[in-house]
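Here are some friendly notes to read alongside the model. Have the sequence and the 3D view open as you go through the points.

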Amino acid sequence: MSQSCFLPRGTEGAGAGSSRQVRRMGSVSEELSLVPLHQRPELLEACAKLLGEEWGKSRASRLHTLQRSSDAFPTCLLLLRSQGSAEAPTKPPATREGPCQLVGHVRLSRVAGRPHDLFVESVVVARALRGQGYGRRLMEATEQWARARGFGRLHLTTHDKQHFYAHLGFVLGEPVQSVAFLSPAIPTQVLRLFSTPSGAAATTARPRVHSTPPPPLPPPAAPPPPPPPTVIWARGVLAESSGQSLLETPHRDAKGLPIFWMKKDI
């Protein structure tokens with residue numbers, strides 16, 4: 001997945017949509033850049049391959065989704081890595097060109113009814129680079145990118161990485177509705193229309209008319225007493241269960257599999 005890591009003049013700053021980190025290791029320096037995919041269209045194929053290796057689906061389907069990345073959301077962010085001599089970072093990025101490796105990907109979408117929130121999905125790090133801290137750096141760079149644009153909270157779902165996200169400061173949350181292709185200029189009142197729970201709309205059905213009055217209903221039975229609260233040990237912490245923890249969740253995805261909803265104020 002190596003590509004040219006040439007950054008056009010003016011694209012290395014946060015104001016242009018990307019950010020840059022440099023880490024020196026002896027005589028070798030490593031530079032990480034978080035860049036929107038639509039600013040690096042030549043990386044479409046490499047990104048589609050990265051996502052396909054993790055979740056499958058056809059190449060055409062992946063490319064179609066990735067090509068929708070824009071500043072108006074959804075936005076696909078790429079973590080790119082380049083290496084060079086320790087003196088290389090002193091050169092202006094506009095004059096520096098070298099091998100570039102696609103490290104990871106994350107996709108951000110708007111959240112219905114919450115104009116200051118973003119939904120995080122499709123978080124992935126290249127398999128050959130896992131276990132080296134790039135997942136944390138990808139999420140930290142994503143938080144910085146979102147915070148610089150006025151967003152204050154991130155939401156995400158995970159089937160089995162809840163402990164990883166908890167270490168990054170995420171806590172268990174409730175489901176939200178992500179909405180793609182919405183401009184930040186859309187009023188909150190419009191966003192709320194998309195977040196109305198199904199079945200919440202009022203009905204206008206006519207009342208039924210009976211020729212004879214129905215028989216009276218029997219008195220309701222007394223409700224059973226509530227069960228005693230259960231206690232769960234979660235990573236050595238004793239906690240009272242409220243239906244979800246880092247070990248169990250009441251939520252299910254479309255396939256009926258357990259899924260954890262998490263959030264973080266940034």
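Predicted model: local features only at pLDDT ≥ 70, side-chain atom pairs only at ≥ 80, totals over all residues.

1. In which helix does H167 lie? H167 is part of α4, where helices (H or I, at least four residues) and strands (E, at least two) are DSSP runs numbered from the N terminus. With a relative accessible area of 55%, H167 is exposed; exposed means over 50%, buried under 20% and partly exposed in between (1.4 Å probe, protein chains only).

2. Residues are numbered from 1 along each chain as its sequence is written, and side-chain values use heavy atoms, with hydrogens and water left out.

3. For the overall picture, the protein chain has 5 helices and 12 strands. Of its 266 residues, 37% count as buried. Taking contacts (heavy atoms within 4.5 Å) between residues at least 6 apart in sequence, 68% join residues at least 24 apart.

4. Do look at helix α2, residues 59-66, where R62, L63 and L66 are buried. Viewed down the axis of α2, the buried residues fall within an arc of 95° (taken from the directions from the helix axis to the C-beta atoms), so they line one face of the helix. As background, an α-helix has 3.6 residues a turn, so residues three or four places apart point the same way.

5. The lining of the largest pocket includes 16 nonpolar, 11 polar and 10 charged residues. Here Ala, Val, Leu, Ile, Met, Phe, Trp, Tyr, Cys and Pro count as nonpolar, Asp, Glu, Lys and Arg as charged, and the others, Gly among them, as polar. Strand β6 (114-125) gives the largest share of this lining, 7 residues.

6. Finally, what about D265? D265 is found in strand β12, residues 260-265, and counts as exposed at 53% relative accessibility. Leaving aside residues up to four places away in sequence, D265 touches G152 and R153. The side chains of D265 and R153 make a polar contact at 2.6 Å; that term means a pair of N or O atoms within 3.5 Å, where within protein one must be able to donate a hydrogen and the other to accept it, and residues adjacent in sequence count only if both atoms are side-chain atoms.
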